[in-house]
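Trainee: Pick one part of this model and take me through it closely. Then set that part in its surroundings.

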Amino acid sequence: MEHFGYKTHSCDEVRRAVGNGARMLIKRCMPEPDSFDDEKVSHVLSHYDDIYRQTYIHTDRCYDGVREAVIKLAESGFKVAILSNKQDEYVKALAKILFPSDIISIAQGQTDLPIKPDPTVPLMIAERLGVRPEECAFVGDSDV
């Protein structure tokens, strides 16, 4: 935000703005009326992507207990997939960094398809995994 002359935000303010993908994060952090200008939002998002592309790889751990739980589920015969509103390229790379290669069946991030909480992509993932939706559990880290 500072790069564009906008007000910066505290960590708590950013945490409250997270959810629904990077574009929505940017929109929530930009001031009005700029936050309603798709061209300006895209410009800020492009800058965000440039920075995130260099920094996301520094992620070296999951939330406490997540890695162990995912590994245990996979070892118990469950198919495990990741669906995130982060950009797809980052989700796929982070899955490779954070989990053993044979643990995650599908890692899917935001593409041109509808984002969570829209059911389109979760239903596609269930189909790709060969399971019925009622056989799935959807676990998240926010109300999204």
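Mentor: Take α3. This helix has 18 residues. From first C-alpha to last, α3 reaches 25 Å, close to the expected 26 Å. The expected span is 1.5 Å times one less than the number of residues. Helices here are DSSP runs of H or I with at least four residues, strands are runs of E with at least two, and both are numbered from the N terminus. The model is predicted: local features need pLDDT of at least 70, side-chain atom pairs count only at pLDDT 80 or more, and totals for chains, interfaces and linings use all residues. Residues are numbered from 1 along each chain as its sequence is written, and side-chain values use heavy atoms, leaving out hydrogens and water.

Start at the N-terminal end of α3. Asp37 caps it. A side-chain oxygen of Asp37 lies 3.0 Å from the backbone nitrogen of Glu39.

Now the faces. Val41, Val44, Leu45, Asp49 and Tyr52 are the buried residues of α3; buried means under 20% relative accessible area, exposed over 50%, and partly exposed in between, with a 1.4 Å probe and protein chains only. Seen down the axis, these residues fall within an arc of 155°, so they line one face of the helix. The arc is taken from the directions that run from the helix axis to the C-beta atoms. An α-helix has 3.6 residues a turn, so residues three or four places apart point the same way. Glu39, His43 and Gln54 are exposed on the other side of α3.

What does the buried face pack against? Its partners are α2 (22-29), β1 (80-87) and α5 (88-98). Contact means heavy atoms within 4.5 Å.

Look at α5 next. The axes of α3 and α5 come within 11 Å and cross at roughly 10°. That makes the two helices roughly parallel, a label for angles under 35 degrees, with over 145 roughly antiparallel, 65 to 115 roughly perpendicular and the rest oblique. Axes are lines fitted to C-alpha atoms, for helices over the stretch in contact, and angles run from 0 to 180 degrees between N-to-C directions. On the α3 side, Asp49, Tyr52 and Arg53 take part. They meet Glu89, Tyr90 and Leu94 in α5.

Past the end of α3 comes the loop to α4 (66-75), and Asp60 is found there. Asp60 is exposed, because its relative accessibility is 62%.

Ser84 counts as buried because its relative accessibility is 16%. Leaving out residues up to four places away in sequence, Ser84 touches Val91, Gln108, Gly109, Gln110 and Lys116.

β1 is also packed against by the buried residues of α6, as is β2 (104-110). In α6 (residues 120-129), Val121, Ile125, Ala126 and Leu129 are buried. They cover an arc of only 145°, which puts them on the same side of α6. Just after α6, Gly130 takes a positive phi of about 80°.

Finally, the whole. The protein has six helices and two strands. From the N terminus on, the order is α-α-α-α-β-α-β-α. The C-alpha trace spans about 50 × 30 × 25 Å along its principal axes. Of the 144 residues, 30% count as buried. Among contacts with a separation of 6 or more, 55% come from residues 24 or more positions apart.

Key
A polar contact is a pair of N or O atoms within 3.5 Å; within protein, one must be able to donate a hydrogen and the other to accept it, and residues adjacent in sequence count only if both atoms are side-chain atoms.
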